[in-house]
Amino acid sequence: MKLFKQLLVAPAALGLLAPVAAGATEVNVAGVSDYASVSQDAVAVDQVTSITQFSDVYPTDWAYQALSNLIERYGCVAGYPNGTYRGNRAMTRFEAAALLNACLDRVTEVTDELKRLMKEFEKELAIVKGRVDGLEARVGELEATQFSTTTKLKGQTTFVIGANSYGGSAEIGGEKVADLAAAASGATTFNYDTRLFLDTSFTGKDLLRTMLRAGNFASSAFGGNSPYSGLTTMETAYEEGSPDQINVNRIWYQFPIGSSFTATVGGRVRQDDMLAVWPSAYPADTVLDFFTYAGAPQTYNLQLGAGAGIWWSDNDFSISVNYVSGNGKNGNPQVTNADNAFLRSTEDCGGIGTDCSSSSGTVQIAYAPDNWGIAAAYNYASGDNGAGIYAGNGTPLANLFSGLGTTNSVGVSAWWTPENAGWFPSISTGWGYNSVDITNANLVDGDGSIDGATSQSWYVGLQWADVFLKGNAAGMAVGQPTFVTSWDNNSDINDGSDFVADGNYAWEWWYMFQVTDNISVTPAIFYLSRPLGYTTSGLAVSDDDDTFNNFGALVKTTFRF
């Protein structure tokens, strides 16, 4: 169409050049007749189909490409019998008219061909037009009925059916701990978790996220319902308030500042919402909650509450800084029985930056190219950030210490993912170290008051993609949930000389069937070698031969919509 427009403009342009080329009285009519006849003979006898047929046209000529296009696309250029084009020869208006007429004839032929094709495929074109009209009508209907032009809704529902079994020789009051655990949380359960995400963007670069959540895990072993099942808690386990109650679980706003900074602020925001990098490639489908903390559950404590953060990222490097107050919604800063950690109450007090704020401050530095990365993080957390002695991602003793005082923790994590799926898995690993100050807890053992303690944790996770079928995945992980390594009156409680080790090993294995794009089914098993750690025989010091272990199996079905 561009060529056709150019040809239509050509006569006007040539008219402007006419005084320069030749006057009206100077037109060589005989020459025009010769040109026309010569051109007609040349086309009829020796059709010009390639610009290389002209001996006097060279690639260095400024109009070489334009002339080539006219010849090869439209075939409306003729030369002289001696094989020349004479591109530098002055053109008369009659010659221009003859050339234009030849090209217009070719354009007319193309148009006729298009008309023929349109006639031949008239039915098919009518069907396509009908479908387009139908799509336009449906889009119009959706636009008219959608509840928001700026918000998208997506959701996820998870079903979990499974059970736990317990074994070991440890006893309390003449009864086996395994029997007590089975009586408290040994039944087969069927639980669910539903999450609805409302993602709103006002500029295309910002994000206002509102997450609604409901579940019924509080009385399940997979929700940590008893003193024996804290480490069997699943990542998907949720219940707040009462079973099936829908709550606003997250609400935060994230926006860019310039080209390198991103800020996040929210009345209910989680620590990881404000990190530029999550330092792990494991897992594709979660099972035990402990294995979702990059090996450092104290550093990446996923504190939830009122908070704000900012990160900088450039060329795969990033630095993140954030703060969360778990009790930021409360206006009373006073802590009841503040001098006694066992009697203190923080249910009705709070504020931001107060003694009752349940604070968590995090700094992370990370380097994360396309398929691997490494990150180091520091976290300061005040007391009462955990879920209690028996819930959380550590042994009861480790959870006790972290809940009584302030914790300074460091986490180092790394991961690598193969570029193509195969027998070699992705590898994720992490380690955490924690120092707890419990000076104000007034905690005393046989050797005097305890002012501080240290604890550690680590994990290694392996994950295979496209196992047996494309989209399926398999994984396994091993590690030690947070366990106490020493306190100030005992340099190392894990050396076996005075006390039984607090350590405990955790394993999990799973295989995810990707049934459809939106449905996956994941059978999984897990094993905890000593989930109660130092307190295997209760809060009294246990014997070296006491054992207690936990085996579990489940099937997890996830629906995404």
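**Charges, buried and exposed**

Guide: Let us start with Arg213, which is buried, with a relative accessible area of 7%. Keep in mind that this is a predicted model.

Visitor: What makes Arg213 and Asp193 a salt bridge?
Guide: The cut-off is a side-chain nitrogen within 4 Å of a carboxyl oxygen. The closest N and O atoms of Asp193 and Arg213 are 2.9 Å apart, and that meets it. This pair links distant parts of the chain, with Asp193 in strand β4 and Arg213 in strand β5, 20 residues apart.

Visitor: Is Asp193 buried or exposed?
Guide: Asp193 is buried, because its relative accessibility is 0%. Asp193 and Arg213 also belong to a network of salt bridges with Arg195 and Glu235.

Visitor: How do you know that Glu419 is exposed?
Guide: Exposed means over 50% relative accessible area. Glu419 reaches 72%, so it counts as exposed. You will find Glu419 in the loop between β12 and β13. Together with Asp314, Asp316 and Asp370, Glu419 forms a patch of negative charge on the surface.

Visitor: And why is Glu240 called partly exposed?
Guide: That word covers values between the buried and exposed cut-offs, 20% and 50%. Glu240 has 30%, so it is partly exposed. Glu240 forms a salt bridge with Arg268, where the closest N and O atoms are 3.0 Å apart.

Methods. Residues are numbered from 1 along each chain as its sequence is written. This is a predicted model: local features need pLDDT of at least 70, side-chain atom pairs count only at pLDDT 80 or more; totals for chains, interfaces and linings use all residues. Side-chain values use heavy atoms; hydrogens and water are left out. Patches are made of residues with over 30% relative accessible area and no salt bridge: like charges are joined within 9 Å, nonpolar side chains (Val, Leu, Ile, Met, Phe, Trp, Tyr) within 5 Å. Accessible areas come from the Shrake-Rupley method with a 1.4 Å probe; for residues, only the protein chains shown count as cover. Lys and Arg count as positive and Asp and Glu as negative; His and the chain ends are not counted. The place of a charge is taken as NZ of Lys, CZ of Arg, CG of Asp or CD of Glu. Helices (H or I, at least four residues) and strands (E, at least two) are DSSP runs, numbered from the N terminus. Buried means under 20% relative accessible area, exposed over 50%, partly exposed in between (1.4 Å probe, protein chains only).
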